[in-house]
Amino acid sequence: MSEQVLIQFRADKELKEICSGIYTKMGIDLNTAFQLFMERTKDIKGFPFQVKIPENRITHSEALTAFNELREQAKDIPEMSLEEINAEINSVRAEKRKRNAILCGN
């Protein structure tokens with residue numbers, strides 16, 4: 001057996017939990033999934049999936065124009081209180097957790 005090394009990296013907690021749940025249903029753990037990823041990378045000498053630059057690129061001036069148009073549209077929208085902002089954020093987060101639980105079969 002070849003020498004083993006420790007590989008560490010940071011990842012989004014929710015993403016890690018979702019992926020771990022998927023791999024568990026497949027009968028493997030996260031460590032085994034990453035080993036499979038690296039083996040496949042070695043075999044094909046590249047990413048084991050297609051990686052490309054998105055074709056829907058916009059220029060700086062197009063982005064600035066879009067930003068200014070949105071700013072103009074938003075000028076008549078009433079201000080929100082901090083409580084309203086937090087309630088909206090919490091609602092979106094709860095919905096996201098619900099979707100992720102459904103994807104993981106929880």
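This is a predicted model: local features need pLDDT of at least 70, side-chain atom pairs count only at pLDDT 80 or more; totals for chains, interfaces and linings use all residues.
**Salt bridges, cysteines and a nonpolar patch**

K75 has a partner, E72, and the two form a salt bridge in which the closest N and O atoms are 2.7 Å apart. E72 itself counts as partly exposed, at 46% relative accessibility. How many salt bridges does a search of the whole structure find? The search finds 2, and the other one joins the side chains of K42 and E39, with 3.2 Å from N to O. Both K42 and E39 lie in helix α2, where they are 3 residues apart, or about one turn of the helix. Of this pair, K42 counts as exposed at 53% relative accessibility, while E39, at 42%, counts as partly exposed.

Since we are now in helix α2, let me describe the helix as a whole: it runs over residues 30-44, has 15 residues, and reaches 21 Å from its first C-alpha to its last, close to the 21 Å expected at 1.5 Å a residue. After α2 comes K45, whose phi is positive, near 60°.

Next, the surface. A nonpolar patch of about 930 Å² is made by V5, I7, F9, F34, F37, M38, F47, F49 and V51. If you look for I7 in the structure, you will find it in the segment before α1, the helix of residues 13-25, and at 53% relative accessibility I7 counts as exposed.

Now to the cysteines. A disulfide is a covalent bond between the sulfur atoms of two cysteines. In this model the count comes to 0 disulfides, and C19 is in none, the nearest cysteine sulfur, that of C104, being 8.3 Å away.

Finally, is N100 buried or exposed? N100, whose place is in helix α4, residues 82-104, counts as buried at 13% relative accessibility. Leaving aside residues up to four places away in sequence, N100 touches E14 and I18.

Conventions: Residues are numbered from 1 along each chain as its sequence is written. Side-chain values use heavy atoms; hydrogens and water are left out. Helices (H or I, at least four residues) and strands (E, at least two) are DSSP runs, numbered from the N terminus. The expected span of a helix is 1.5 Å times one less than its number of residues. A disulfide is a pair of cysteine sulfur atoms within 2.5 Å. Patches are made of residues with over 30% relative accessible area and no salt bridge: like charges are joined within 9 Å, nonpolar side chains (Val, Leu, Ile, Met, Phe, Trp, Tyr) within 5 Å. Accessible areas come from the Shrake-Rupley method with a 1.4 Å probe; for residues, only the protein chains shown count as cover. A salt bridge is a side-chain nitrogen of Lys or Arg within 4 Å of a carboxyl oxygen of Asp or Glu. Buried means under 20% relative accessible area, exposed over 50%, partly exposed in between (1.4 Å probe, protein chains only). Contact means heavy atoms within 4.5 Å.
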